[in-house]
Amino acid sequence: MRLTALPTPRLGLGLAAVGRPGYINLGRDRDLGEDRSVDALRTRTHELLTAAHTAGIRYLDAARSYGRSEEFLADWLRRNPAIDDVAVGSKWGYTYTAAWTTNAEKHEVKDHTLPTYDRQRAETAALLGDRLDLYQIHSVTPDSPALTDKALHARLAESGTPVGFSTSGPAQADAIRAALAITVDGNPLFSTVQSTYNALETSAAPALAEAHAAGLTVIVKEGMANGRLAGDTAPPAVRKIAEETGTGPDAVALAWILAQPWTGFALSGAATTAQLTANLKAETITLDEDRKATLATLAETPATYWATRSALPWH
C-alpha cells in the first residue's frame, strides 16, 4: 500500500518504545512497569497495533534495531490476515545488541555498509516478506557512507521495495539535502524521509520542505522529544495550550507537527493504548497564529537539543 494513498488520521505508529525493554523515553518505568518479558511486550505491541488500526492509523513503523519490533509486527499481521490496508515500514543500519536487557553497554551498533544492508534485508524479509512497503536507511548523518556508496545505491534501487531514509543529529538538514541529490540511472533513489522534528528541534524544517517539494513523503519522528513535550515535563506554554484545547501536551506537540505544510505523517511512539488515544486528539486541535508563535519560541539550538537527548538514560 502506497504511503501517499493513506487516509486520515495523519498519525502513524512507531514501535521503538515497545519492541525492546530499554529505551530513552522519559516515564518508561511508569509506562511499562516491571514485566518487560518478550511475551509481555509482544502482547502490549499487539494491543497497540489493534487499537491503532481501529482508530484509523494505517502506517506502521519498525526497525531492525528496535529489539523484536519486526517480529511482533509480523506476528500481528499473521494473526490478522484480513488487515490488508496498512503500509509497513522498517529500517536497516543499526543492529540491536542489548540482548533484551536495559543496562547493556551498547544497545545498538550503527553500520551503513553494503554487507550490513544485505544481512538485515534478508532478516527483515524473513519476518515481513511481501508485507514490507518501505525500507529506510536508519539515522543517516552527513558522514554516513550510505550517502556516497554507489554500489549500495544500486542494490537499494533494484530491491523492488520503495526506499527511504531517516535522519538524526544536529546536522539533519545537511543529510537530507545530500540524500535528495542521490539518483540511480537518473531517477531519485528515495521516496520518503523520516526526521526528528518537534517544537524543541525545528532545524530540519527548511530541508524537509525541500524534500516535500521534491515529491518525498515526510514522516516525522520523536514529535514529543522523547517525552520532554508530554505530561508534566512539557514546558508551561505547551501545557497552557493543552488546557485551553481540552487535550494533553502530547496532542499539542503532535498538532504542531501536523500544522507544518510539508508533514505527511507524524509518528506516535505510544507505549500504552491510553497514550495512543491521547495522541490521536492532535487531529482535533487547530493552532491559530498566536499559538504557533508561542510554540515557535520553544526551539533550542540543534547542539543543545541533541546533547540533551544524548544524555537521556536508557530505562
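Arg177 is partly exposed, with a relative accessible area of 35%; here buried means under 20% relative accessible area, exposed over 50%, and partly exposed in between (1.4 Å probe, protein chains only). Glu210, at 36% relative accessibility, also counts as partly exposed. The side chains of these two residues, Arg177 and Glu210, meet in a salt bridge with an N to O distance of 2.8 Å. A salt bridge is a side-chain nitrogen of Lys or Arg within 4 Å of a carboxyl oxygen of Asp or Glu. Arg177 lies in helix H6 (residues 172–180) and Glu210 in helix H7 (residues 205–213), so the pair ties together parts that are 33 residues apart in sequence. Helices (H or I, at least four residues) and strands (E, at least two) are DSSP runs, numbered from the N terminus.

The model is predicted: local features need pLDDT of at least 70 and side-chain atom pairs count only at pLDDT 80 or more, while totals for chains, interfaces and linings use all residues. Residues are numbered from 1 along each chain as its sequence is written, and side-chain values use heavy atoms, with hydrogens and water left out.

Across the whole structure, a search finds 20 salt bridges. One of them joins Asp118 and Arg155, with the closest N and O atoms 2.7 Å apart. Because Asp118 is in helix H4 (residues 114–128) and Arg155 in helix H5 (residues 150–157), this pair ties together parts that are 37 residues apart in sequence. Asp118 is partly exposed at 32% relative accessible area, and Arg155 is partly exposed at 29%. Within helix H11 (residues 289–296), Lys292 and Glu289 are three residues apart and so separated by about one helical turn. Their salt bridge has its closest N and O atoms 3.6 Å apart. Lys292 is partly exposed at 27%, whereas Glu289 is exposed at 56%. Elsewhere, Arg42, Arg68, Glu71, Asp75 and Arg78 are linked in a network of salt bridges.

Now to the sheet. Eight strands close into a barrel in the order S1-S2-S3-S6-S7-S10-S11-S12, with parallel pairing; two strands pair if DSSP finds at least two bridges between them. Neighbouring strands of this sheet are turned by 25° against each other on average, direction ignored. S1 and S12 pair in the parallel sense over three bridges, and Gly12 has Leu267 in S12 as its bridge partner. H6 packs on the sheet, touching strands S6 (132–140), S7 (163–167) and S10 (192–196), where contact means heavy atoms within 4.5 Å. The direction of H6 makes about 165° with that of S7; axes are lines fitted to C-alpha atoms, for helices over the stretch in contact, and angles run from 0 to 180 degrees between N-to-C directions.

The largest nonpolar core has 90 residues, and those with the most contacts inside it are Leu13, Leu73, Phe165 and Phe190. Such a core is a set of buried Ala, Val, Leu, Ile, Met, Phe, Trp, Tyr and Cys residues joined through side-chain atoms within 4.5 Å. Its largest share, eight residues, comes from H9. A second, separate core of five residues includes Tyr59, Ala87, Leu134 and Ile219.

In helix H10 (residues 273–280), the buried residues are Leu276, Asn279 and Leu280. They cover an arc of only 100° around the axis, which puts them on the same side of H10. These buried residues pack against strand S1 (11–14), helix H2 (38–55), helix H9 (249–258) and strand S12 (265–268).

Technical notes: Arc of directions from axis to C-beta.
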